[in-house]
Amino acid sequence: MPYASWLPIHPQLLSATQAQKVLVIDDVEINAALIASVVGTLCDVQTATSSQKGLEMALQYHPDLILLDVLMPEMDGFEVFRRLQNEPRTAHIPVIFLTGISDASAEEVGLNMGAADFIAKPFRTAVLLARVRNHLQLAQQRNLLERLSHADGLTGIANRRYFNTMLTREFSRMQRHNQPLALLMLDVDDFKAFNDHYGHVHGDECLQQVAHAIAQCLHRPGDMVARYGGEEFVCLLPDTTLDGALKLAHDIQAAIAALRLPHVQAQAAAFVTVSIGVASELPHQLGHSQQILSIADARLYRAKRGGRNRIVS
Ligand code: GH3
Ligand code: MG
Ligand code: MG
Ligand code: MG
């Protein structure tokens, strides 16, 4: 099995592997049902027959594409689209307007707002299907590109760039909620000697196994592991105290020891081990997200100085 398919990266990186979904928002029930029956031959479909319900379902259902009616009571489709764009969790979802409005300027308005497409009702079934298929394909390619730009090429876990994005995001979120943010900095012990003795191919395999073992230890939805550098990994643990982070560090140390990857040149054991620096801080007491990294890094350095294969908090 390729690593990318079995490595739990980050929930957000896995979305493109699920079946694609379309949300139809139309105030006339029979219209919504008709569109759904056409599109339902391509993918999963859900319908909403009011603007408000449509906005709620866009958040809950996580559609890959939204087919949006323009003329609706309470709130028209343009306003629904504006609200979708203003909500970070729905701003990326492509929207196709589907409307019976005869006014030619509506098409111009919709497309200028950033809609993916505009289809006039009554529509031809084959044309609707073709357009939806094309937009779903585009969405899939976009998702794939996004996942690739977030993933480390060797191990399939998150890369440093994505880690930094998430660190900044979680730092602000924990700051707002006055909750602790924890970090583990891990470094494989005597890895230069491992490469020199076993060769780079085995070195690469070792890093893949270590990445996988760490990922398997993370269970909370917001937790993530990233490859920070060559043989360095970092775990980002929102809303986690020092005790909690320390427990996880011990679990990871045990999981890597349990791999029993031979390393006859290692100083601390006859198998591959890691040193871990643990930090948990309240972001509102710090100035910058990089400070937590510095704290964890300094503790990792002490773990190395202390003889490796150990955890410092
Ligand atoms: P320490 O216990 O102090 O961490 O010693 P170390 O030998 O692990 O640390 P050092 O930083 O001296 O060496 C890291 C080695 O990791 C050197 C480099 O060749 C190897 N390395 C970095 N990235 C990769 C990679 O992608 N694949 C392989 N096979 N080796 C890598
Ligand atoms: Mg309508
Ligand atoms: Mg290193
Ligand atoms: Mg090392």
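1. First, a caveat: what you are looking at is a predicted model.

2. Start with the parallel sheet. It is open, has five strands, and runs in the order E2-E1-E3-E4-E5. Strand E2 (44-48) and strand E5 (117-120) are the edge strands; each has a single partner strand, so one side of each has no neighbour in the sheet. On average, and ignoring direction, neighbouring strands here are turned by 20 degrees against each other.

3. For a closer look at that sheet, take strand E1 (residues 21-25) and strand E3 (residues 65-69), which run parallel and are joined by four bridges. Leu-23 has Ile-66 in E3 as its bridge partner. Helix H3 (residues 51-61) packs on this sheet and touches E1, E2 and E3. The direction of H3 makes about 170 degrees with that of E1.

4. Now the other sheet, where the pairing is mixed: five strands again, open, in the order E7-E8-E6-E9-E10.

5. Helix H10 (residues 242-258) touches strand E6 (181-188), E8, strand E9 (274-281) and E10, and its direction makes about 165 degrees with that of E9. Helix H11 (residues 290-305) touches E6, E9 and E10, at about 145 degrees to the direction of E9.

6. On to the inside. Nonpolar side chains tend to be buried together in soluble globular proteins. In this model the largest nonpolar core has 50 residues, and Leu-183, Leu-184, Ile-214, Ala-226, Val-234 and Ile-276 have the most contacts inside it. Beyond its neighbours within four places in sequence, Leu-183 is in contact with residues including Val-234, Leu-236, Ala-279, Ile-292 and Ala-296. Another core, of 25 residues, lies apart from that one and has Leu-23, Leu-68, Leu-84 and Ala-139 among its members.

7. Finally, what surrounds ligand 1? There are 17 residues around it, the closest being Asp-189, Phe-191, Lys-192, Gly-203 and Gly-230. By type, the shell divides into eight charged, five nonpolar and four polar residues. E6, helix H8 (191-198) and helix H9 (200-217) each contribute at least two residues to the shell.

Methods: Residues are numbered from 1 along each chain as its sequence is written. Chains are lettered from A and ligands numbered from 1 in the order in which they are written. This is a predicted model: local features need pLDDT of at least 70, side-chain atom pairs count only at pLDDT 80 or more; totals for chains, interfaces and linings use all residues. Two strands pair if DSSP finds at least two bridges between them. Two residues are in contact if their C-beta atoms, placed from the backbone, lie within 7 Å. Axes are lines fitted to C-alpha atoms, for helices over the stretch in contact, and angles run from 0 to 180 degrees between N-to-C directions. A residue is near a molecule or strand if its C-beta atom, placed from the backbone, lies within 6 Å of it. Ala, Val, Leu, Ile, Met, Phe, Trp, Tyr, Cys and Pro count as nonpolar, Asp, Glu, Lys and Arg as charged, and the others, Gly among them, as polar. A nonpolar core is a set of buried Ala, Val, Leu, Ile, Met, Phe, Trp, Tyr and Cys residues joined through C-beta atoms within 7 Å. A residue is buried if 20 or more other C-beta atoms lie within 10 Å of its own, exposed if 12 or fewer, and partly exposed in between; C-beta atoms are placed from the backbone.
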